[in-house]
Amino acid sequence: MEVAAGGHLESVVVDSDDTGRKCIQFLKENRLGTVTFLPLNTIKPFEIYDSARNAAQVHGALGLAIDLVNFDDKYNTIFSHVLRSTIIIENVETAQTIGIGNERMVTLDGDVIERSGALRGG
């Protein structure tokens with residue numbers, strides 16, 4: 001799941017865009033760097049298409065990442081935004097069965113197969 005979340009693993013969930021704005025101002029005033037804030041009131045959920053749901057049913061696929069984690073319903077849009085339609089799969093061979101470039105997939109070993117067709121692992 002750490003690999004599936006990618007760069008959002010270090011994002012900070014806040015209650016509103018106003019809180020996010022105040023936090024950014026604080027960071028700027030104190031020269032503390034940058035942070036990505038995910039406001040509960042403005043983050044849009046990611047639509048998961050039937051093609052991803054069907055691919056998640058292929059032999060060797062464990063399912064959609066969002067369906068494999070437990071979280072409070074109030075964070076549904078956050079998890080949807082972060083995990084999108086990522087499918088957790090056993091290995092790169094499963095990705096080839098689904099089709100490299102058809103869906104974003106992450107193997108149990110942490111290899112990433114992007115929708116662009118890019119592969120990252122090792």
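These are my notebook entries on a predicted model.

**Ground rules.** I number residues from 1 along each chain as its sequence is written, and my side-chain values use heavy atoms, with hydrogens and water left out. Since this is a predicted model, I take local features at pLDDT of at least 70 and side-chain atom pairs only at pLDDT 80 or more, while totals for chains, interfaces and linings use all residues.

**Helix α2.** I take helices (H or I, at least four residues) and strands (E, at least two) as DSSP runs, numbered from the N terminus.

**Thr19.** This residue sits in helix α2. I call a residue buried under 20% relative accessible area, exposed over 50%, and partly exposed in between (1.4 Å probe, protein chains only). Thr19 has 25% relative accessibility, so I put it down as partly exposed. For polar contacts I want a pair of N or O atoms within 3.5 Å; within protein, one must be able to donate a hydrogen and the other to accept it, and residues adjacent in sequence count only if both atoms are side-chain atoms. The side chain of Thr19 makes one with the side chain of Asp15, at 2.5 Å. I also looked up Val69, which is 50 residues from Thr19 in sequence and 27 Å away in space, C-alpha to C-alpha.

**The sheet.** What is the order of the strands in the open sheet? I read β3-β4-β5-β6-β7, 5 strands with mixed pairing. Two strands pair if DSSP finds at least two bridges between them. At the edges I found β3 (61-64) and β7 (119-120); each has a single partner strand, so one side of each has no neighbour in the sheet. I then followed β5 (residues 105-107) and β6 (residues 112-113), which pair in the antiparallel sense over 2 bridges. Val106 has Val112 in β6 as its bridge partner.

**The core.** My rule for a nonpolar core is a set of buried Ala, Val, Leu, Ile, Met, Phe, Trp, Tyr and Cys residues joined through side-chain atoms within 4.5 Å. The largest has 24 residues, and those with the most contacts inside it include Leu64, Val82 and Met105. Among the elements giving it two or more residues are α3 (50-55), α5 (92-98) and β4 (87-89). I count a contact as heavy atoms within 4.5 Å. Leaving aside neighbours within four places in sequence, the contacts of Leu64 include Ile48, Ala52, Thr86 and Ile87.

**Thr86.** Buried or exposed? Thr86 is buried, at a relative accessible area of 1%. I found Thr86 in the loop between α4 and β4. A polar atom of its side chain lies 2.8 Å from the backbone oxygen of Leu83, and a polar contact of 2.9 Å joins the side chains of Thr86 and Arg104.

**Aromatics.** I pair rings of Phe, Tyr and Trp (its six-membered ring) if their centres lie within 6.5 Å; planes under 30 degrees apart are stacked, over 60 edge-to-face, and the rest tilted. I got 1 aromatic pair. The ring centres of Phe71 and Phe79 are 4.2 Å apart and the planes are at 10 degrees, so this pair is stacked. Phe71 is partly exposed at 22% relative accessibility, and Phe79 is partly exposed at 27%.
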